[in-house]
Amino acid sequence: MEVKLANDKREREMYDSFAELYAIIKTTEKLEKAYIRDVISSSAYETECQKLIAHFKTLASTLKDTIPSIERFAETYKMDCPAAINRLVTSGVPATVEHRAAAAASMTSSAAAVAECTQNFITAMDSLKLNMVAVDQVHPLLSDLLTSLGKLTFLPPDFLGKVKLKEWIARLSKMGAADELTEQQSRQLHFDLESSYNSFMAALPNYGN
């Protein structure tokens with residue numbers, strides 16, 4: 001005896017769409033695992049993943065009234081496809097695109113931190129040239145510079161600039177706010193800042209590589 005799954009053409013098309021959605025989810029799960037295991041190249045993965053995501057979005061849009069929740073659809077048909085659900089529903093873009101976006105964001109963040117450090121170095125050195133040598137003038141500038149250097153992960157903990165700044169900040173902390181650096185101290189601090197700045201700039205090409 002033949003069992004009919006659909007009573008009319010519309011219902012039959014709905015079941016066909018269900019089957020297609022099921023196939024897309026299963027295929028995406030296999031593709032994600034293949035990419036994780038390095039079985040497929042990044043370019044091939046991205047091309048195939050973009051096709052699956054595009055097909056999924058089109059199909060999900062047409063089925064939104066019938067299937068309001070893709071996660072529930074997967075549960076109903078006992079589909080153990082967490083990677084596919086994440087890629088198709090949560091992310092919506094291939095993993096390679098996510099990785100590039102994260103790398104770009106990281107580079108942008110680092111570029112901003114480098115610019116901040118450069119500005120803080122110049123401000124500190126210019127302030128000394130303008131004879132702004134009171135502790136309550138110098139201390140904040142050195143603290144800001146040390147903080148900005150701390151944001152750059154490519155600089156080692158024993159980076160010359162960090163070491164020198166910590167020494168100067170510790171020295172200034174023992175002085176009164178209205179106390180001023182002597183001419184010799186001011187010249188030495190400017191020399192240390194300039195040396196640290198040069199070391200900082202020399203480290204940038206290595207970071208870029």
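The face of helix 2 that is turned away from its buried side carries the exposed residues Ser43, Thr58 and Thr62, where exposed means over 50% relative accessible area, buried means under 20%, and partly exposed covers what lies in between (1.4 Å probe, protein chains only). Helices here are DSSP runs of H or I with at least four residues, strands are runs of E with at least two, and both are numbered from the N terminus. This is a predicted model, in which local features need pLDDT of at least 70 and side-chain atom pairs count only at pLDDT 80 or more, while totals for chains, interfaces and linings use all residues. Residues are numbered from 1 along each chain as its sequence is written, and side-chain values use heavy atoms, with hydrogens and water left out.

- Helix 2 has 21 residues and reaches 30 Å from its first C-alpha to its last, close to the 30 Å expected at 1.5 Å a residue, the expected span being 1.5 Å times one less than the number of residues.
- The buried residues of helix 2 are Tyr45, Glu46, Cys49, Leu52, Ile53, Phe56, Leu59 and Ala60.
- These residues cover an arc of only 165 degrees around the axis, which puts them on the same side of helix 2; the arc is that of the directions from the helix axis to the C-beta atoms.
- Glu46, one of the residues of helix 2, counts as buried because its relative accessibility is 15%.
- Once neighbours within four places in sequence are left aside, Glu46 is in contact with Pro94, Thr96, Val97 and Arg100, contact meaning heavy atoms within 4.5 Å.

**Salt bridges**

- The count comes to 6 salt bridges, each defined as a side-chain nitrogen of Lys or Arg within 4 Å of a carboxyl oxygen of Asp or Glu.
- Within helix 2, which spans residues 42-62, Lys51 and Glu48 are 3 residues apart and so are separated by about one helical turn, and their side chains meet in a salt bridge with an N to O distance of 3.8 Å.
- Lys51 is partly exposed, with a relative accessible area of 44%, and Glu48 is also partly exposed, at 37% relative accessibility.
- Arg87 forms a salt bridge with Glu98, and the closest N and O atoms of this pair are 3.2 Å apart.
- Because Arg87 lies in helix 4 (residues 82-91) and Glu98 in helix 5 (residues 95-129), the pair ties together parts that are 11 residues apart in sequence.
- Arg87 counts as buried at 5% relative accessibility, whereas Glu98 counts as partly exposed at 32%.
- Glu32, Arg87 and Glu98 are linked in a network of salt bridges.
- The side chains of Glu116 and Lys151 meet in a salt bridge with an N to O distance of 3.1 Å.
- This pair links distant parts of the chain, since Glu116 is in helix 5 and Lys151 is in the loop between helix 6 (135-150) and helix 7 (160-173), 35 residues apart.
- Glu116 is partly exposed, with a relative accessible area of 30%, and Lys151 is partly exposed at 47%.

- In helix 4, the residues Ala83, Ala84, Ile85, Arg87 and Leu88 are buried.
- Just after helix 4, Gly92 takes a positive phi of about 85 degrees.
- Ser127 lies in helix 5 and counts as buried, at 7% relative accessibility.
- With neighbours within four places in sequence left aside, Ser127 is in contact with Met132 and Leu141.

**The protein as a whole**

- The secondary structure comes to 8 helices and 0 strands, and read along the sequence the protein follows the pattern α-α-α-α-α-α-α-α.
- The radius of gyration of the protein is 30 Å, well over the 17 Å that the globule rule gives for 209 residues, so the protein is more spread out than a compact globule; this radius is taken over C-alpha atoms, and the rule is 2.2 Å times the number of residues to the power 0.38.
- Taken along the principal axes, the C-alpha atoms fill a box of roughly 105 × 35 × 25 Å.
- Of the 209 residues of the protein, 36% count as buried.
- Among contacts with a separation of 6 or more, 73% are accounted for by residues 24 or more positions apart.
- The protein exposes about 13100 Å², of which carbon and sulfur atoms supply 54%; accessible areas come from the Shrake-Rupley method with a 1.4 Å probe, and for residues only the protein chains shown count as cover.
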